[in-house]
Each structure stands twice: as structure tokens, then as C-alpha cells.
Amino acid sequence: CRGGIVVICSDGLDRGDAAVLAAAMERLARLSHRIVWMNPHKGSDQAFRPSTLGMMVAAPHVDLLLSGHDLSSLEELAALLPTLN
């Protein structure tokens, strides 16, 4: 992922150790150019704020939080990727 754009598709309902996730996200943020998180719970809600522990731990390292709930959200990501340089 060194210098790449990392796309994470997850609902953020992590049940593991939050400290392990925080360390992994910190390292990923250092190695990658951008981190995009696609979360199906976001839907079309522009005011969505992560409330799960996993998402709250990851949020400081995420450059862009997108919806991942339908095909149009994947099309949005595809159109956006070339602009994330």
C-alpha cells in the first residue's frame, strides 16, 4: 500500500482490541497516500458520524468516508478515485 489509495469496505463493527486497530490504522495512514472508508451504514446521510468503537478509532486516519450501501456508491467511488492524487 506504500503511496497507494487504500479502500476499506466495512461497517466498522469491529469486535477486536481497539488498541490493535488504532495501531494498524496509524501504520496504514503512514504508508498510504489516502484512506477511503466505505461504510454501508452511512447511506445517503451527509450528517453521518461514526458511533461504533471501531469506526471512532479508525476515523482520525480516514481521509474520506463514503457510503457503501448500493451500486451507485461504488460508481461514486470509481468516479472519485482518479481525483485523489
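A residue is called buried here when its relative accessible area is under 20%, exposed when over 50%, and partly exposed in between (1.4 Å probe, protein chains only). The structure is a predicted model, in which local features need pLDDT of at least 70 and side-chain atom pairs count only at pLDDT 80 or more, while totals for chains, interfaces and linings use all residues. Residues are numbered from 1 along each chain as its sequence is written, and side-chain values use heavy atoms, with hydrogens and water left out.

In soluble globular proteins, nonpolar side chains tend to be buried together. A nonpolar core is taken as a set of buried Ala, Val, Leu, Ile, Met, Phe, Trp, Tyr and Cys residues joined through side-chain atoms within 4.5 Å. The largest such core holds 11 residues, namely Val6, Ile8, Leu21, Met25, Leu28, Ile35, Trp37, Met55, Val57, Ala58 and Val62. Two or more of these residues come from each of strand E1 (5-9), helix H1 (18-31), strand E2 (34-39) and helix H2. Helices (H or I, at least four residues) and strands (E, at least two) are DSSP runs, numbered from the N terminus. Another core, of 5 residues, lies apart from the largest one and includes Val36, Met38, Leu66 and Leu77.

Val62 sits in the loop between helix H2 (53-58) and strand E3 (64-67). This valine counts as buried because its relative accessibility is 17%. With contact meaning heavy atoms within 4.5 Å, and with residues up to four places away in sequence not counted, Val62 touches Met25, Ile35 and Trp37. Val62 and Ile35 are 27 residues apart in sequence, yet their C-alpha atoms are 5.1 Å apart in space. Arg27, in helix H1, is 30 residues from Val57 in sequence and 13 Å from it in space, C-alpha to C-alpha. Arg27 counts as exposed, because its relative accessibility is 51%.

Attention now turns to charge. A salt bridge is a side-chain nitrogen of Lys or Arg within 4 Å of a carboxyl oxygen of Asp or Glu, and by this rule the count comes to 1. The pair is Arg30 and Glu26, whose closest N and O atoms are 3.5 Å apart. Arg30 and Glu26 are separated by about one helical turn, because they stand 4 residues apart in helix H1. Arg30 is exposed, at 58% relative accessible area, whereas Glu26 is partly exposed, at 42%.

Lys42, in the loop between E2 and H2, is buried yet has no salt bridge. The nearest side chain of opposite charge, that of Asp45, is 6.8 Å away; Lys and Arg count as positive and Asp and Glu as negative, while His and the chain ends are not counted. Neighbours within four places in sequence aside, Lys42 is in contact with Phe48, Leu65, Leu66 and Ser67. Glu76 and Leu66 are 10 residues apart in sequence and 8.7 Å apart in space, C-alpha to C-alpha.

Pro50 also belongs to the loop between E2 and H2. This proline is partly exposed, with a relative accessible area of 22%, and it touches Met55, Met56 and Leu65 when residues up to four places away in sequence are not counted. Pro50 and Gly12 are 38 residues apart in sequence and 8.3 Å apart in space, C-alpha to C-alpha.

Finally, the surface has a nonpolar patch of about 190 Å², made by Ile5, Val7 and Leu81. Patches are made of residues with over 30% relative accessible area and no salt bridge, like charges being joined within 9 Å and nonpolar side chains (Val, Leu, Ile, Met, Phe, Trp, Tyr) within 5 Å; accessible areas come from the Shrake-Rupley method with a 1.4 Å probe, and for residues only the protein chains shown count as cover. Leu81 lies in the segment after helix H3 (71-80) and is partly exposed, with a relative accessible area of 32%.
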